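The structure comes before the notes.

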Amino acid sequence: MNARQGLQERLARRFPWLANAAPEFRAVLVRDSALQRAPVGYEVCGEGQACAALAILLEGVVRVAKPGASGREITLYRIHPGDSCVLTASCILSARPFPARAVVEAPAEALFVPADRVLAWLDVYPDWRRLLFGLVARRLTTVISLVEEVAFHRMDERLAALLLELHAEHGPNLAVTHQHLATELGTSREVVTRVLGDFERRGWLETRRARIRILDPDGLARLAVC
């Protein structure tokens with residue numbers, strides 16, 4: 001088995017849609033794309049940059065965030081293995097610059113598809129067309145949910161919901177800073193500190209330096225769903 005065939009099989013195991021794609025498309029995808037690795041902190045694409053390629057993630061995590069004029073930023077979504085970036089796809093399709101920034105959070109490995117191939121394959125390979133349209137549909141739902149959350153929910157409700165998500169993923173002992181929570185929510189560290197202080201007074205959690213212990217997830221849940 002040569003290197004290209006090995007990569008085809010690896011991609012097919014990672015991406016169910018690719019396992020069922022036409023053999024011709026799988027061969028072209030590997031031939032015309034580049035497999036690259038990126039360390040934590042690497043900026044895949046910065047705000048205002050042209051999108052030269054679409055990254056399809058095999059390993060790692062990439063965070064996509066929108067910076068604000070104040071210097072703060074809000075997390076739009078994260079890209080996990082088996083997925084790609086809808087903003088990059090949109091920018092390639094519309095020939096517009098990237099409106100956010102994408103940064104590696106966990107050591108990443110991705111298949112980078114050149115922008116000209118992204119466009120050319122739309123007219124030739126139905127499997128590729130379905131992938132991109134499916135990506136847009138999934139991510140639009142995520143972004144609309146974020147807009148609703150920001151527009152219609154108070155910061156204490158949003159912070160409670162975020163803490164419950166982290167509790168579900170990591171358990172009651174969270175190694176997280178106030179600044180990290182603020183960045184996720186697109187607010188200031190001072191606001192997060194004030195709200196956490198209120199939660200602590202209610203007995204829902206305890207705060208330590210760069211650590212939070214969840215004591216009463218049910219209390220947080222009652223606020224998060226208000």
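W204 is buried, with a relative accessible area of 8% (buried means under 20% relative accessible area, exposed over 50%, partly exposed in between, with a 1.4 Å probe and protein chains only). The model is predicted, so local features need pLDDT of at least 70 and side-chain atom pairs count only at pLDDT 80 or more, while totals for chains, interfaces and linings use all residues. Residues are numbered from 1 along each chain as its sequence is written, and side-chain values use heavy atoms, leaving out hydrogens and water.

**Aromatic pairs**

- A pair of aromatic rings is described by the distance of the centres and the angle of the planes.
- Rings of Phe, Tyr and Trp (its six-membered ring) pair if their centres lie within 6.5 Å; planes under 30 degrees apart count as stacked, over 60 as edge-to-face and the rest as tilted.
- The count by this rule is 5 aromatic pairs.
- In one of them, the ring centres of F25 and W128 are 6.0 Å apart and the planes stand at 45°, so the pair is tilted.
- This pair links distant parts of the chain, 103 residues apart: F25 lies in helix α3 (residues 23–32) and W128 in helix α6 (residues 126–152).
- Helices (H or I, at least four residues) and strands (E, at least two) are DSSP runs, numbered from the N terminus.
- F25 and W128 are both buried.
- The rings of F199 and W204 have centres 5.3 Å apart and planes at 45°, so this pair is tilted.
- F199 has a relative accessible area of 0% and is therefore buried.
- One aromatic cluster is formed by F25, W121, Y125 and W128.

**E109**

- E109 sits in strand β5 (residues 101–114).
- With a relative accessible area of 5%, E109 is buried.
- E109 touches R10, L35, Q36, R37, I56, L57, L58 and E59, not counting residues up to four places away in sequence (contact means heavy atoms within 4.5 Å).
- The side chains of E109 and R37 are joined by a polar contact of 3.2 Å (a pair of N or O atoms within 3.5 Å; within protein, one must be able to donate a hydrogen and the other to accept it, and residues adjacent in sequence count only if both atoms are side-chain atoms).
- E109 and W121 are 12 residues apart along the chain, and their C-alpha atoms are separated by 22 Å.

**Helix α6**

- V136 is in helix α6.
- V136 has 30% relative accessibility and so counts as partly exposed.
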